[in-house]
Amino acid sequence: MDDFISKLKFDDKGLIPAIIQDYTNGQVLMLAYMNKQSLRKTMETGQTYFYSRSRDELWHKGETSGHFQNVKGMSYDCDGDALLIKVEQMGAACHTGHRSCFFNTVVEQPDIAKGDVLAELYDVIVDRKNNPKEGSYTDYLFEKGIDKILKKVGEESAEVIIAAKNGVYDEVRWEVADLFYHVLVLLVQQGMTLDDIYAELKGRRH
């Protein structure tokens, strides 16, 4: 571990910037700083630890929010003065509740990172399950349980079939979106993640 750290260039305060990226879809989640101690803790535990410049102390990402980051990969740039850490993000990365800290869009190209939409929706559903909100349809489904969720998946599947049979573009789009949502609710209810599905699809591909 020390051999790896010795190749890095820390600034005059002993810090190095770390870019945190979702390993499933490449979304940049946040930028934080590490010193040698937090980097060692990250390597030892498999979860991210950073150095807070404002509080002048180490902090464990997710310790208070539960939104931990499980490290899946780590690399450093050509100059050795920046880290790229790929993680499995539990919940939101940003303290504002957004999936990514980079939600203030200035310029956006169309049709980029479509997979992020499913990941964000999944996280919202998990949050609704863990933090119920009055009047939430998602909470209503969880309260009613597996039978209600399965009934909705069946109904939405049938509606997709009918819409496709009728050949109406807007109806197909709407019903497929409804089906995707209810399937995600089912995954959360079953304790499964999108990563489980991605892994299954990847395995079938190979």
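Guide: Let us begin with a term: a strand is a DSSP run of type E with at least two residues, numbered from the N terminus. The model shown here is a predicted one. By such runs, the protein has 7 helices and 6 strands, and its elements follow the order α-β-β-α-β-β-β-β-α-α-α-α-α from the N terminus.

Visitor: Which strands each supply at least two residues of the lining of the second largest pocket?

Guide: They are strand 2 (28-34), strand 3 (49-52) and strand 4 (57-60). Strand 2 gives the most, with 4 residues.

Visitor: What makes a residue part of that lining?

Guide: A lining residue has an atom within 4 Å of a point of the pocket. For the second largest pocket, 24 residues line the space, and Met 30, Arg 55, Trp 59, Lys 61 and His 95 lie nearest its centre. The volume of this pocket is about 640 Å³. By class, its lining comprises 11 nonpolar, 9 polar and 4 charged residues.

Visitor: Why are helix 4 and helix 5 called oblique to each other?

Guide: Helix 4 (residues 137-144) and helix 5 (residues 146-166) pack at an angle of about 120°. Angles of 65 to 115 degrees count as roughly perpendicular and those over 145 as roughly antiparallel, while angles under 35 are roughly parallel and the rest are oblique. Helix 4 and helix 5 are therefore oblique. Their axes are 5 Å apart.

Visitor: Which residues make the contact of helix 4 with helix 5?

Guide: Helix 4 contributes Tyr 137, Tyr 140, Leu 141, Phe 142 and Lys 144, and helix 5 contributes Ile 146, Lys 148, Ile 149 and Lys 152. This contact holds 6 nonpolar, no polar and 3 charged residues.

Visitor: What are the domains of the protein, and how far apart do their C-alpha centres lie?

Guide: The domain assignment gives domain 1 (1-89) and domain 2 (116-203). Their C-alpha centres lie 33 Å apart. To the contact, domain 1 brings 5 residues and domain 2 brings 5 residues, where contact means heavy atoms within 4.5 Å.

Methods
Residues numbered from 1 in each chain as written. Predicted model: local features only at pLDDT ≥ 70, side-chain atom pairs only at ≥ 80, totals over all residues. Heavy atoms only, no water. Axes fitted to C-alpha atoms, helices over the stretch in contact; angles between N-to-C directions. Nonpolar A, V, L, I, M, F, W, Y, C, P; charged D, E, K, R; others polar. 1 Å grid on protein atoms, 1.4 Å probe; cavity = no way out; pocket = protein on both sides within 12 Å on 5 of 7 lines; lining within 4 Å. Points joined across faces, edges and corners; volume = space filled by probe spheres on them. Domains from an automatic or database assignment.
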